[in-house]
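Subject: Structure handover, salt bridges

Hi,

Here is the structure I promised to pass on. Please open it alongside this note.

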Amino acid sequence: MSAQLPGIFDTLAPTLDRYGYAAIVALVGLEGVGIPLPGQLILIAGGIYAASGHLTLLPVLIVGLLAAVGGDNAGYAIGRYGGRGLVLRFGPYVFLNRERLAKTERFFARRGHLVVSIGRFIDGLRQASGIAAGLARMDWRRYLAYNALGSAVWVSVWVFAGYLAGNHIASLYAAFQRYGIYLLATCAAVAFAVLAGLAMRRRQQA
């Protein structure tokens, strides 16, 4: 019997019911090689399942971390040993097109360690950062260290979000649907203000 999941999370319930921890490994791991899968959602759902007793919290955290690091390192290997030609040839099949890869590479050239460590929280960077790191031939040990750190934080945040929400997920989801637009607008305004401030500071230093 599955836990009660609202809205979009409910579509993941049959997968978690049938495959359990393996579902987390597959969705989170394959996302690391460029496939747009609901990695964050499955971690939240895994946390909810742990809170309801259908799964156990520590294994959810462990398999989530191993899948995140393993998937990203597979992406790194594809980028480093497969080469740009291979990535551009097969990337569009997993929605990793030339434009998305180019943006990631430009950002990576300036802030490579940040892409690896915080890229997990940004859609697009999460799928492409490992491949971009391989293409840029970033030192693997350095990549692994930043990737493991970022993955640990990312997995912990979303699993504990689901775990702490627990039986309140339905009411929280309803509230987010009702007020989410205001939250997103606030986040966008804050991001714009930060970017504007950085741009002004750079202009003054120039």
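Below is what came up on the salt bridges and the residues around them.

This is a predicted model. It holds two salt bridges.

The R126 pair
R126 forms a salt bridge with E31. Their closest N and O atoms are 3.1 Å apart. R126 sits in helix α6 (residues 125–135) and E31 in helix α2 (residues 21–31), so the bridge ties together parts that are 95 residues apart in sequence. Both partners, R126 and E31, are buried. For R126 the relative accessible area is 6%, which puts this residue under the 20% cut-off for buried.

The D72 pair
D72 forms a salt bridge with R120. Here the closest N and O atoms are 2.9 Å apart. This pair also links distant parts of the chain, 48 residues apart. D72 lies in helix α4 (residues 57–90), while R120 is in the loop between α5 (98–118) and α6. D72 counts as buried at 1% relative accessibility. R120 is buried too, with a relative accessible area of 2%.

Around R126
Which side chains make polar contacts with the side chain of R126? E31 is one of them, at 3.1 Å. Q40 is another, with a polar contact of 3.0 Å. Leaving aside neighbours within four places in sequence, R126 is in contact with E31, Q40, D72, G119, R120, F121 and W154. That list includes D72 and R120, the partners in the other salt bridge.

Best wishes

Terms used: Residues are numbered from 1 along each chain as its sequence is written. This is a predicted model: local features need pLDDT of at least 70, side-chain atom pairs count only at pLDDT 80 or more; totals for chains, interfaces and linings use all residues. Side-chain values use heavy atoms; hydrogens and water are left out. A salt bridge is a side-chain nitrogen of Lys or Arg within 4 Å of a carboxyl oxygen of Asp or Glu. Helices (H or I, at least four residues) and strands (E, at least two) are DSSP runs, numbered from the N terminus. Buried means under 20% relative accessible area, exposed over 50%, partly exposed in between (1.4 Å probe, protein chains only). A polar contact is a pair of N or O atoms within 3.5 Å; within protein, one must be able to donate a hydrogen and the other to accept it, and residues adjacent in sequence count only if both atoms are side-chain atoms. Contact means heavy atoms within 4.5 Å.
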